[in-house]
Amino acid sequence: MTAMKEKKQRLFFALGLRHDTADFHRLCQLVSQCRRYGRTVPPENLHVTLAFLGNVTADQRDQLLDAAAHLPTVAPFSIGFDQLGYWKRSKVIWLAPETPPPDLPLLATLLRDMALGCGIPQEERPYRPHLTLAKSVPVRPAPFPAISPLHFHFAHFGLYISQSVSQPGRQGVVYHCLRQWPLSL
């Protein structure tokens with residue numbers, strides 16, 4: 001008798017963006033300008049990844065949900081995104097803060113350490129907060145679109161699932177928040 005292979009979920013911890021702000025609308029305009037370079041990220045999928053978890057089992061997901069509820073306190077913070085760039089290896093256009101607030105890398109480190117404690121391997125490279133704007137960009141755009149800083153306030157972080165979608169006119173993934181936790185003073 002063969003054992004059924006357990007279905008895994010592709011998960012990540014992230015900061016979701018409020019869609020009802022002027023800066024979110026400006027961000028969507030910037031993403032639209034990047035359409036000529038590659039495949040843009042749909043507005044509903046824009047986020048700041050804190051810890052990529054990859055494919056996890058239901059047991060690991062439940063451990064993460066429990067552990068996240070007991071993280072040390074991190075205060076809410078704001079991020080000013082003011083640097084537009086390109087990663088050649090991953091073929092991505094990104095928007096990042098020149099100077100991230102101190103609590104942002106702290107939160108990312110806490111979540112990465114928590115994931116390791118749940119048996120989920122984590123990348124060893126330094127954390128680089130960013131918003132991915134476009135993927136599959138074959139060469140660095142020159143010049144980049146002009147930008148002015150975009151500011152977002154974050155009072156929550158969440159555990160997200162990446163789900164494949166295949167509909168007429170839409171192939172790709174959608175991200176859904178499974179649970180959110182408040183950042184608190």
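Biologist: How much space lies in the largest pocket?
Modeller: In this predicted model, about 1200 Å³ of space lies in the largest pocket, where a volume is the space filled by probe spheres set on grid points that are joined across faces, edges and corners. A pocket here is an open set of points on a 1 Å grid over the protein atoms alone, where a 1.4 Å probe fits, with protein on both sides within 12 Å along at least five of seven lines.

Biologist: And which residues are the closest to its centre?
Modeller: The closest are T49, F52, H130, T132 and K135, out of 35 residues that line the largest pocket; a lining residue has an atom within 4 Å of a point.

Biologist: Which element gives the largest share of the lining?
Modeller: Strand β3 gives the largest share, with six residues, and the elements that give two or more residues include β1 (9-16), β7 (131-135) and β10 (170-182). Strands are DSSP runs of E with at least two residues, numbered from the N terminus.

Biologist: How does that lining divide into nonpolar, polar and charged?
Modeller: There are 15 nonpolar, 11 polar and nine charged residues in the lining, with Asp, Glu, Lys and Arg counting as charged, Ala, Val, Leu, Ile, Met, Phe, Trp, Tyr, Cys and Pro as nonpolar, and the others, Gly among them, as polar.

Biologist: Changing topic, how many salt bridges are there?
Modeller: The count comes to four, if a salt bridge is taken as a side-chain nitrogen of Lys or Arg within 4 Å of a carboxyl oxygen of Asp or Glu. One of them joins R18 to D20, with the closest N and O atoms 2.9 Å apart, and another joins E123 to R125, also at 2.9 Å from N to O.

Biologist: Is D20 buried or exposed?
Modeller: D20 counts as exposed because its relative accessibility is 55%, and exposed means over 50% relative accessible area, buried under 20% and partly exposed in between, using a 1.4 Å probe and protein chains only. E123, at 44%, counts as partly exposed, and so does R125, at 45%.

Biologist: What about strand β8, which residues are on its covered face?
Modeller: L150, F152 and F154 make up the covered face of β8 (residues 150-154), whereas H151 and H153 make up the uncovered one. Strand β4 (residues 77-81) runs antiparallel to β8 and is joined to it by five bridges, with F77 having F154 as its bridge partner; two strands pair if DSSP finds at least two bridges between them.

Biologist: Anything to know about the numbering and the values?
Modeller: Residues are numbered from 1 along each chain as its sequence is written, and side-chain values use heavy atoms, with hydrogens and water left out. As this is a predicted model, local features need pLDDT of at least 70 and side-chain atom pairs count only at pLDDT 80 or more, while totals for chains, interfaces and linings use all residues.

Key. Helix = DSSP H or I, 4+ residues; strand = E, 2+ residues; numbered from the N terminus.
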